[in-house]
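Please read them with the model open.

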Amino acid sequence: MVELGVSLGSLQMKNPVTVASGTFAAGLEYSDFVDVAKLGAVTTKGVSLHGWEGNDSPRIAETPSGMLNSIGLQNPGVDHLKEVELPWLQGQGASVIVNVSGHSVEEYVAVIEALEDAPVDAYEVNISCPNVDAGGMTFGCIPESASEVTALCRKATSRPLIVKLTPNVTDIAEMARAVEAAGADAISLINTLLGMAIDAKSRRPVLARVVGGLSGPAVKPIALRMVWQCAQAVDIPILGMGGISSGEDAIEFMLAGATAVAVGTANFSDPHATMDVIDGITRYCEEQGVTDVKELIGGLIC
């Protein structure tokens, strides 16, 4: 038997596999394929205070080995999450990480405050949102703003606080150190990379918003590099993601320094992907004589 349990701060996970926010909703749509209670945790789609309509269509484009999305964090708001999804997840016996979004520091804090009486096990703070009070600059692109959001969210809760980093920065390690110093219990990375697609026949952008977030297998080498860099820079655990679709992919992230992993875009093409990743991790450990998956964390031999 392989011990699969890991911890992200004080969040205890029965295995190291969760889902990337925005690729699994809150799990209800996948319940015919996945027993959500068997996941290390369910990470919900990003939630804002009053709900966002999202961007205009078209807002999805396939790319070689990946996809672009410009959904715009569409969601019905925190009240709907509390009334519908969270009670369902609680009834399934799932551990829950709620992804928190906001267009201002105050909105991030307000979402967390609204969820403090709800069955939530941890928060993942998405600092890839544009800060309307700073001319639309993304919170996660400036260490000072990332630190401010983290510090105020930290004051709002005693629950585990995971801060999700954007890869669209010059120095990812600097951002990791900033949120660690501000009180983050863990970091997650990577979020999507900024990209675009063009229709050569019409000579127009494929996406209505011109640019979107690139995800899928194409981003995996970059994600691995950033996880490895951050593991050298901070002492808090890392939730790694970016192109994971197999147990071997997950193992690579753990060897690079991730404590846990998230399956994202793979859920769209294979709704059973998370279960396959868990099974793949177990098989690898059995084949390699690893009795505790935590032995693999940071085990890269350079």
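1. Start at Leu68, which stands opposite Leu214 in E14. Leu68 in E6 is also the bridge partner of Ala61. Strands here (E, at least two residues) are DSSP runs, numbered from the N terminus.

2. On provenance: this is a predicted model, where local features need pLDDT of at least 70, side-chain atom pairs count only at pLDDT 80 or more, and totals for chains, interfaces and linings use all residues. Residues are numbered from 1 along each chain as its sequence is written, and side-chain values use heavy atoms, without hydrogens or water.

3. The open sheet has four strands in the order E5-E6-E14-E11, paired antiparallel. Pairing requires at least two DSSP bridges between two strands. E5 (60-63) and E11 (193-196) are the edges; each has a single partner strand, so one side of each lacks a neighbour in the sheet.

4. E6 (residues 66-69) and E14 run antiparallel, joined by three bridges. Met67 has Ser215 in E14 as its bridge partner.

5. E5 and E6 pair antiparallel over four bridges. They form a hairpin with two residues between them. Ser65, in the turn, has a positive phi of about 60 degrees.

6. Val211 lies in strand E14 (residues 211-215). Val211 is partly exposed, at 35% relative accessible area (buried is under 20%, exposed over 50%, partly exposed in between; 1.4 Å probe, protein chains only).

7. Val211 also belongs to a nonpolar surface patch with Leu194, Met196, Ile198 and Val210. Together they have about 460 Å² of accessible area (Shrake-Rupley method, 1.4 Å probe, only the protein chains shown counting as cover). Patch residues have over 30% relative accessible area and no salt bridge, with nonpolar side chains (Val, Leu, Ile, Met, Phe, Trp, Tyr) joined within 5 Å and like charges within 9 Å. A salt bridge is a Lys or Arg side-chain nitrogen within 4 Å of an Asp or Glu carboxyl oxygen.
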